[in-house]
Amino acid sequence: MELDRGDNAHTVKRRLQIALNVPTEESSLTFGDMVLKNDLSAVRNDSPLLLTRNILHRSSSTPCLSPRGNDIQQKDKSGPIEILGQSDCFYITKQLVRDIVKAIKMGVDPIPVHSGLGGAYYFRNSRGENVAIVKPTDEEPFAPNNPKGFVGKALGQPGLKRSVRVGETGIREVAAYLLDYDHFANVPPTALVKITHSIFNVNDGVNGNKAHNKNLVSKIASFQQFIKHNFDASDHGTSSFPVSAVHRIGILDVRIFNTDRHAGNLLVRKLDGVGNFGHVELIPIDHGLSLPETLEDPYFEWIHWPQASIPFSDDELDYIRKLDPVRDCEMLRRELPMIREACLRVLVLCTIFLKEAAEFGLCLAEIGEMMSREFRAGEEEPSELEIICIEARRLVEEREVFSPKAGMGDDEFLFDIDCEETEYDFTPKMAAGIGFGNGRYPLSKLEESIEEAEESDEGEEEQEVATLPAPERIPSISKLSMSLKNSSLDSSSGHRSANEQLPASVSFVQLADLTEEEWMVFLEKFQDLLKPAFASRKSITLGQKQRQRLGTSCQF
Ligand SMILES: Nc1ncnc2c1ncn2[C@@H]1O[C@H](COP(=O)(O)OP(=O)(O)OP(=O)(O)O)[C@@H](O)[C@H]1O
């Protein structure tokens, strides 16, 4: 749709109503996090907008609205597949699009993919070979047009993972590809497209029954190059996986906080050419559940693979050193303007974490472990990463409470104040400091829990590894973690927009509600806390190795 400078959200809605023959009066038009009221100046060329119906629990995204009127195809002048984005990275995708459009004209239709929970389609070239997998955003699990019966939520509601909204996995697939600089982790070329075909699924009404009219329908979808492969990592012993491939995929997973790196999401291709016997290549797919809006429990299948315990190579360390989370965010905002700031904060945090951890000398497995939650006695506990964030937040809040100008609304003050904490003694403060002195949280409950946790820690574990320093106790705070959950750690921001805060119970620590100034201070504090936490993790690993050696020698 061509827009004039003078157009406002209302005129856009009116034009959509005329073009697509759907009522738009009870709808909101969204650009990224922003509900557009009037001014459209933030909207850039080729930016997709989301039109959401407010009343019905069913919504459709703008260019994906199913055309109903007879004259629609005359009005939509776009081609059958249009890449949404400008990046030079899309040159392979452009070629694939040309091949597919040619094949469609010759009558080679796409075929539905039966595996997976979401709607997905293999698009083919004129020789009938699969060349791309296309996943429409409104056919994701729980989305209104899911063809496999997993329906029942509106676009924008929490999805399979609560910190990734329904309809928003496609942009994450693209983000993972764009962030995979130099094709380091081997993510297949992926783009967001507007694509028109009659194969796509449109459910009939709110019950989610399939409509059987095979009209042309336009959708926003992720479009990924199909990579020929022999199996996935769940069908194959992992010992032949190259160390560097595991490291590279792990580095990406850590940066994007992948919550879904299960073995099925690693394709394996045999390289049985001359001199390659037994060698395989790994292809990471399905990054739709990465870059969540809050920290939660990531899933890293590689965490217990021996490759992940081998130190990073010089090349890998060099790659990590060159990562720049600020540049990443700028690039993603440019290429995917609808991406939420909350996701970008997770990216920034995890990239800093990775860079500092690698520089400190931690291996991939140690980094992954620090990011993963533990379940003890059926309770989920915050990860070490989350505990660091909780502490960093406490320091930000404490600073605000004790600041003489607190409450005076002088945001700049946050930057004026001198930060004197050069050295931070991680352990004792971490154990005793996870309370919230600003009166918003039930401090007494937390203290009680801490005491109990400390008491129980003085038992078996400490006697077993008497040489280990106290930091080992940091993760074993199951009671504390429950208190944290109950105390609704997520402070409500008061800003309600399209970027509504996700339900409080799903995360131990929120990042999205910090103001920009608080976020900068938070990152400073976070970085200060990292070294002691890494030292603590290293001592745990060393302790485990000592125990293993001791165990082995006892056998003789
Ligand atoms: N780039 C690709 N190249 C080849 N095959 C692919 C590619 N991406 C996905 N597939 C195949 O399609 C199947 C479904 O894809 P995918 O797992 O991404 O969909 P999904 O609906 O997100 O699945 P899930 O419900 O497991 O998360 C995969 O199991 C894999 O076999």
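Colleague: Which residue forms a salt bridge with E381?
Modeller: A salt bridge is a side-chain nitrogen of Lys or Arg within 4 Å of a carboxyl oxygen of Asp or Glu. The closest N and O atoms of this pair are 3.7 Å apart, and the partner of E381 is R376.

Colleague: What kind of model is this?
Modeller: Residues are numbered from 1 along each chain as its sequence is written, and side-chain values use heavy atoms, with hydrogens and water left out. Local features need pLDDT of at least 70, side-chain atom pairs count only at pLDDT 80 or more, and totals for chains, interfaces and linings use all residues, since the model is predicted.

Colleague: Is E381 buried or exposed?
Modeller: Buried means under 20% relative accessible area, exposed over 50%, and partly exposed in between (1.4 Å probe, protein chains only). R376, with 28%, is partly exposed. E381 has a relative accessible area of 0%, so the class is buried.

Colleague: How many residues apart in sequence are the parts that D286 and K135 tie together?
Modeller: D286 and K135 form a salt bridge with the closest N and O atoms 3.4 Å apart. Helices (H or I, at least four residues) and strands (E, at least two) are DSSP runs, numbered from the N terminus. D286 lies in the loop between β14 and α6 and K135 in strand β7, so the separation of the two parts is 151 residues.

Colleague: Which strand holds E281?
Modeller: E281 meets R269 in a salt bridge, at 2.6 Å from N to O. R269 lies in strand β13 (residues 266-271), twelve residues away in sequence, and E281 lies in strand β14.

Colleague: What is the angle between the planes of F360 and F534?
Modeller: Rings of Phe, Tyr and Trp (its six-membered ring) pair if their centres lie within 6.5 Å; planes under 30 degrees apart count as stacked, over 60 as edge-to-face and the rest as tilted. The whole structure holds ten aromatic pairs. F360 and F534 form a tilted one, with centres 5.6 Å apart and a plane angle of 50°.

Colleague: Which helix holds F534?
Modeller: The pair links distant parts of the chain, 174 residues apart. F360 belongs to helix α8 (residues 341-360), while F534 is in helix α16 (residues 516-554).

Colleague: Why are F522 and F526 separated by about one helical turn?
Modeller: F522 and F526 form a stacked pair, 6.1 Å from centre to centre and with 10° between the planes. An α-helix has 3.6 residues a turn, so residues three or four places apart point the same way. The separation is about one helical turn because F522 and F526 are, in helix α16, four residues apart.

Colleague: What is the phi of F142?
Modeller: F142 is in the loop between β7 (130-136) and α4. Most residues other than glycine have a negative phi. F142 is not a glycine, yet its phi is positive, at about 80°.

Colleague: Which residue lies over the face of F142?
Modeller: A charge sits over a ring if NZ of Lys or CZ of Arg is within 6 Å of the ring centre and within 35 degrees of the ring normal. At 5.1 Å from the ring centre of F142 lies K153.

Colleague: How many residues of helix α4 are buried?
Modeller: The buried residues of α4 include the charged R172 and E173. Helix α4 (residues 169-179) is largely enclosed by the rest of the structure, because the buried share is eleven of eleven.
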